[in-house]
Amino acid sequence: MNDTTPRLDSKLLQVKNLNVTFVSAGVAVQAVSQLSFELDAGETLGIVGESGSGKTAAMMSLVKLLPMPPARIEADEVRFEGADLLRLSQQELRRIRGRRIGIVFQEPMTALNPYLTVGYQLTEGIIAHTRCKRTEARARAVEMLEQVGVSEPIRRMSSYPHELSGGMRQRVMIAMALLLNPSLLIADEPTTALDVTVEAQILDLIMKLRDRLGMAVIWITHNLGVVAETCTRTAVMYAGKIVEVAPTAALFESPRHPYTEALIGALPAFHPRKEPLRGLNGAPPDLSCLPSGCPFEPRCSYAMPDCRRTSPELKEIAAGRCSACLRVQRGEW
Ligand code: SF4
């Protein structure tokens, strides 16, 4: 079997000990550290955390969409449908990106070519991956634009990205990501640049397409509200590490890491009306000189002396739940 050939695995994606380091002017910044997780076929996993927590760097490194250098990507394994992605050639990886893994970026203007029409970009993507005839590719592109709710899809095929609204551009981006029925969609803050009404439409659209196409989704966001609406399981990242993983409903009901609790406490929807919102004091640590103990210790209201000395690993604390907190692991919280 060719290494890029899809095969039926119980896990769609397995990531073991992923590290991403950016080295610039002699300074090494550890953006992602010892990241491990798995994803089932058809599952929706949310990756949440503040800006700079490493969520985008981690997910883009899986498909080598980071500039190397300055990025250095290392992992024991990044296995997707049987293929170890980090050990594939760029050509083999290109075959998987776009065909088996679709990606929707935060700002479609950076992903769409401003000099080419929407129709050209969509049909070229299909032809490059399938070598089908241009007329077939064009028909598929129009059908996909229709599916993602682009009005007058035949006319839009001749439009340039700047002629479309932000919401329409994002729909085109989603159409492009889903053209070849991928088994995994990585959605990197796809609604952040949109207003609330369009955000709701795009969320709804991606979830409907997920159900119709049966694909798995990794949803990268800083917005816990989005995760609550869309994801079956959630991983919380802080300072380049996963600090908690749990089924989403359980995570909101009883967070098992002080950082998760603080994030939820800052959400208006999860807060008693008469009490003022609880903000999260302090700032994330400098990733170029991480403390030797728990990276959340300076901001943690449950910190104890051991937290300064020991960097907690992510450990299973109950079936399907993991936490990287010493207090939780000792049963003291
Ligand atoms: Fe807080 Fe200590 Fe747990 Fe870190 S290990 S989150 S500092 S209690």
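Analyst: A residue is buried under 20% relative accessible area, exposed over 50% and partly exposed in between (1.4 Å probe, protein chains only). This is a predicted model, where local features need pLDDT of at least 70, side-chain atom pairs count only at pLDDT 80 or more, and totals for chains, interfaces and linings use all residues. Residues are numbered from 1 along each chain as its sequence is written, and side-chain values use heavy atoms, with hydrogens and water left out.

The part to look at is a group of aromatic rings. Rings of Phe, Tyr and Trp (its six-membered ring) pair if their centres lie within 6.5 Å; planes under 30 degrees apart count as stacked, over 60 as edge-to-face and the rest as tilted. A search of the whole structure turns up four aromatic pairs. One of them is made by Tyr238 and Phe296, with 5.1 Å from centre to centre and 85° between the planes, which is edge-to-face. Tyr238 belongs to strand β10 (residues 233-238), while Phe296 sits in the loop between α11 (258-265) and α12 (305-309), so this pair ties together parts that lie 58 residues apart in sequence. Helices (H or I, at least four residues) and strands (E, at least two) are DSSP runs, numbered from the N terminus.

Are these two residues buried or exposed? Tyr238 has a relative accessible area of 1% and is buried. Phe296 is buried too, at 3% relative accessibility. Phe296 also pairs edge-to-face with Tyr259, at 5.3 Å centre to centre and 65° between the planes. Tyr259 is in helix α11 and Phe296 in the loop between α11 and α12, so this pair ties together parts 37 residues apart in sequence. Tyr259, like Phe296, is buried. Through such ring pairs Tyr238, Tyr259 and Phe296 are linked into a cluster.

Helix α11, which holds Tyr259, is the next thing to look at. Seven of its eight residues are buried, so α11 is largely enclosed by the rest of the structure. Those buried residues are Pro258, Tyr259, Thr260, Ala262, Leu263, Ile264 and Gly265. They pack against α9 (224-230), β10, β11 (241-247) and α10 (248-253).

The loop between β10 and β11 contains Ala239. Most residues other than glycine have a negative phi. Ala239 is not a glycine, yet its phi is positive, at about 50°. With 4% relative accessibility, Ala239 counts as buried.

For comparison, Glu152 also has a positive phi without being a glycine, at about 45°. Glu152 is found in the loop between α5 (134-147) and α6 (153-156). Its relative accessible area is 45%, so Glu152 is partly exposed.

One further buried residue is Thr221, at 3% relative accessibility. Thr221 is placed in strand β9 (residues 216-221). Contact means heavy atoms within 4.5 Å. Apart from neighbours within four places in sequence, Thr221 is in contact with Ile47, Val48, Gly49, Lys55, Glu189, Val226 and Val227.
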